[in-house]
Each structure stands twice: as C-alpha cells, then as structure tokens.
Amino acid sequence: MDQMNVIVAKNIKRLREENKLSMDELAKLSGVSKSMLAQIERGDGNPTISTLWKISNGMKVPFDALTVRPKNPYEIVRTAELQPLLEDGGKVKNYSLFPDDENRRFAVYYLELDKDSYWESEPHLKGTVEFITIFAGKIEIYADGQSFVVEKGESIRFNADVIHSYKNIGQEPAILHMILFNP
C-alpha cells in the first residue's frame, strides 16, 4: 500500500491538472506556497492536516479527495499499515480509513490524540457534518461558539463548516472514530 504522502501527491497533482490550475494559481487559491505545493506533489513533503485543508478548500474539493486510495471492490484497512496525517507536533494522528469519493459523500477516520494535544480544524465545505464516537479518553470539542466535553462511550454530531477544535482533556490518549458527511 502506498504511503499517505505518495497518495496525497498523486491526488493533488491529478486534481490540479483536471481543474487546469497551474502551481501559481493553486498557491493563490490555497494560500500554500508554490514551493510547498511542488514538494507535496513530488511526494517529498509531509503536509499537515491544516495545509491539506487549505489546498482542498482552495480547489473546492472535499478534503478526502486528497487522501483517497485507489479503488478496489473490497478493502481491509489495517491502521498499523497506514501513514497518519499529523498535527500538534505529531501528538494528533489522523488515519484516513475510508476517504470520500464521488459516489459515497462520507469519509471515515480513526484518530489518536495524545494527552494534552490540541488541533484546530479549518471549516469544511458548506453543509459538512461530523459524527464522532469516543472509544478511549475524554476530549473537548469547540464548534460554532460552543464547547462540548465528550468521553469514552459517547458520541457527538455537529456542523463542521466552521472553525472547530479538538483538545484531549483526559489523563490518557483519546481514541475516536470520525465520520464526515459531505453534502
């Protein structure tokens, strides 16, 4: 299985070319420098989740269009074989289990948030809704001006087309599954 940076590189280049965008145009649309985009497209970069959000929003495509793996009629995903996207200096690990595609309109992620980790997410596409279930630990989610504490055995749903954040406020790593519904 390809490493995530190689998958992301192929997808960004394909989407950029399909949309007939030059590197300069994508840099202006996304706010990501042309040199960083070139590095990412070569598969040399290890972009943060925030950087990928800027690129996906700049191209007006779902985030998962950047992380989608080649299609098969079935798929067993082994988290241990996936390269996570990292935030907060590697304390937030985001594994793309089932990326969105043009027919599905949702994506499934597995996340591990180390103790005291924090991640602020850019707004997703208009109308996107997140569904999160906590399997270990305790997190605080801030979205749309409200704070929610969610812990093991609990789930939350919220509109994710605004800036929102996740903070591990427990004494152990937090483990959660996230489903993003893209309208």
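This passage walks through the overall build of the chain and then its aromatic pairs.

The model is predicted, so to speak of local features a pLDDT of at least 70 is needed, side-chain atom pairs count only at pLDDT 80 or more, and totals for chains, interfaces and linings use all residues. Residues are numbered from 1 along each chain as its sequence is written, and side-chain values use heavy atoms, with hydrogens and water left out.

The chain has 4 helices and 10 strands, where helices (H or I, at least four residues) and strands (E, at least two) are DSSP runs numbered from the N terminus. Along the sequence, the pattern reads α-α-α-α-β-β-β-β-β-β-β-β-β-β. Of the 183 residues, 48% count as buried, meaning under 20% relative accessible area, with exposed over 50% and partly exposed in between (1.4 Å probe, protein chains only).

Now for the rings. There are 4 aromatic pairs in the structure; rings of Phe, Tyr and Trp (its six-membered ring) pair if their centres lie within 6.5 Å, and planes under 30 degrees apart count as stacked, over 60 as edge-to-face and the rest as tilted. F63 and Y109 have ring centres 6.3 Å apart and planes at 55°, so this pair is tilted. F63 sits in the loop between α4 (49-59) and β1 (85-87) and Y109 in strand β3 (residues 106-113), so the pair ties together parts 46 residues apart in sequence. Both F63 and Y109 are buried, and W53, F63 and Y109 make up one aromatic cluster.

W119 and Y166 form a stacked pair, 4.8 Å centre to centre with 25° between the planes. W119 counts as buried at 3% relative accessibility, and Y166 is buried with a relative accessible area of 1%.
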